[in-house]
Amino acid sequence: MKTLAFFDTKEYDKTYFEALKEKHGIHIRYFEDKLSAETVSLAEGADAVCVFVNDDINKAVIERLYQMGVRVIALRCAGYNNVDFKAAYGKIHVVRVPAYSPYAVAEYTMALLLAVNRKVHKSYIRTRDFNFSLNRLVGFDLHGKTVGIIGTGKIGQIFANICKGFGMHILAYDVYPNDSLGLNYVSLEELCEKADIISLHCPLTESTKHLINKNTLSKMKDGVYIVNTSRGALIDTEALLDAIRTRKVGGAALDVYEEETDIFFEDFSDSFIGDDTLSLLLSMPNVIVSSHQAFLTNEALENIADVTYENLDAFFAGETLKNEICYHCQKSGGHCSRKEKGRCF
Ligand code: NAD
């Protein structure tokens with residue numbers, strides 16, 4: 001029986017992975033710690049490791065895993081910005097769950113946009129305190145507004161359809177425009193200039209880091225709303241804070257934050273987070289921050305467990321790894337020339 005070292009375990013992960021384990025014959029050792037150079041030794045004796053968005057799969061971690069005999073890393077997520085693919089190439093195969101439920105993320109994106117615009121986060125707290133005043137709860141109709149969608153992959157497309165249902169105009173920007181979607185693709189500059197709301201759905205890469213920065217913000221409409229359910233570092237948070245202070249940005253809904261790694265998914269209600277930028281964001285009435293929860297539906301968790309097991313079964317059976325991602329795929333936007341047995345190397 002193969003052994004899987006499972007890092008950054010939460011109760012809900014365990015529930016869904018345990019439910020399917022009989023079918024796959026994989027023994028799982030669960031660890032609450034995130035994978036890092038300090039914790040990698042926990043994987044000693046394991047055949048594979050399973051990680052999530054905030055584990056740090058850097059060069060040192062990869063070298064150590066390789067020395068221990070680990071030949072596959074299973075990401076139980078779609079995003080992969082936390083992996084040093086260059087270091088892994090030729091040594092350890094990296095598989096992921098490319099689409100566990102793009103609906104979960106797209107629907108949550110609309111939930112956040114509605115909440116921040118219609119101030120649901122404020123009214124919820126008010127009525128719990130028997131305050132039924134409507135002062136300062138005025139929002140705007142989404143109908144007729146222009147939403148700029150950056151990244152029109154699986155999630156961006158579904159979000160575009162949801163927005164169409166609300167009667168919104170859509171402007172799209174993608175480095176690989178998909179003409180079959182019938183979307184109005186424009187340059188990033190035009191999208192920034194014309195959108196009332198901007199929603200981010202592209203991956204975090206070297207070229208998208210701080211895509212929303214002082215310069216792009218300066219081109220946006222006054223009072224623009226920004227929604228980020230993709231990755232925190234797509235936004236230069238300090239520049240966003242300044243733009244909120246000067247009212248350039250009218251509202252921000254953030255499910256991700258560039259310094260989230262040691263904070264999100266944990267309970268600090270009884271202590272101190274020590275992150276002044278995040279504290280400031282949380283104190284702003286027109287900002288909603290949630291803790292990277294856009295993916296969190298039953299359907300998504302079931303699919304994550306299912307596809308992760310499938311990926312591992314395929315690896316151990318020597319079969320094609322349809323969900324493998326490597327240095328080359330990542331660099332070329334998914335166009336890797338697969339080698340023997342349908343694997344990246
Ligand atoms: P996807 O790969 O299907 O689509 C990404 C799109 O972004 C592609 O069309 C790609 O061409 C485009 N893109 C790449 N570089 C770009 C650039 N520089 N500018 C504009 N567009 C660019 O991915 P997806 O499944 O739609 O997921 C999108 C992102 O959502 C993921 O990368 C991940 O970071 C994030 N995500 C967040 C959560 C959450 O819980 N908050 C869950 C899943 C995914």
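Me: Does α4 pass α6 in a left-handed or a right-handed crossing?
Reply: Happy to start there, with a predicted model in which local features need pLDDT of at least 70, side-chain atom pairs count only at pLDDT 80 or more, and totals for chains, interfaces and linings use all residues. Residues are numbered from 1 along each chain as its sequence is written, and side-chain values use heavy atoms, leaving out hydrogens and water. A crossing is left-handed if the near helix is turned anticlockwise from the far one by less than a right angle, and right-handed if clockwise. For α4 passing α6, the crossing is right-handed.

Me: At what angle do α4 and α6 pack?
Reply: Helices here are DSSP runs (H or I, at least four residues), numbered from the N terminus; α4 covers residues 102-118 and α6 residues 154-165. Axes are lines fitted to C-alpha atoms, for helices over the stretch in contact, with angles from 0 to 180 degrees between N-to-C directions. Under 35 degrees counts as roughly parallel, over 145 as roughly antiparallel, 65 to 115 as roughly perpendicular and the rest as oblique. So α4 is oblique to α6, with axes 8 Å apart and an angle of about 45 degrees.

Me: How far apart are the axes of α1 and α11?
Reply: Helix α1 (residues 11-24) passes helix α11 (residues 298-316) at about 45 degrees, in a right-handed crossing. The distance between their axes is 9 Å.

Me: Is α9 roughly parallel or oblique to α10?
Reply: The axes of α9 (residues 237-245) and α10 (residues 276-283) come within 11 Å and cross at roughly 30 degrees. Their crossing is left-handed. That angle therefore makes the pair roughly parallel.

Me: Which residue has a polar side-chain atom 2.6 Å from an oxygen atom of the ligand?
Reply: Among the residues that come nearest to the ligand are Tyr-100, Lys-154, Ile-155, Asp-174 and Thr-229. The side-chain atom at 2.6 Å belongs to Asp-174.

Me: How many charged residues does the shell around the ligand have?
Reply: Ala, Val, Leu, Ile, Met, Phe, Trp, Tyr, Cys and Pro count as nonpolar, Asp, Glu, Lys and Arg as charged, and the others, Gly among them, as polar. By class, the shell has 10 nonpolar and eight polar residues, while the charged ones number four.

How values were computed
Near = heavy atom within 4 Å. Polar contact = N/O pair within 3.5 Å; in protein donor to acceptor, adjacent residues only side chain to side chain. Helix = DSSP H or I, 4+ residues; strand = E, 2+ residues; numbered from the N terminus.
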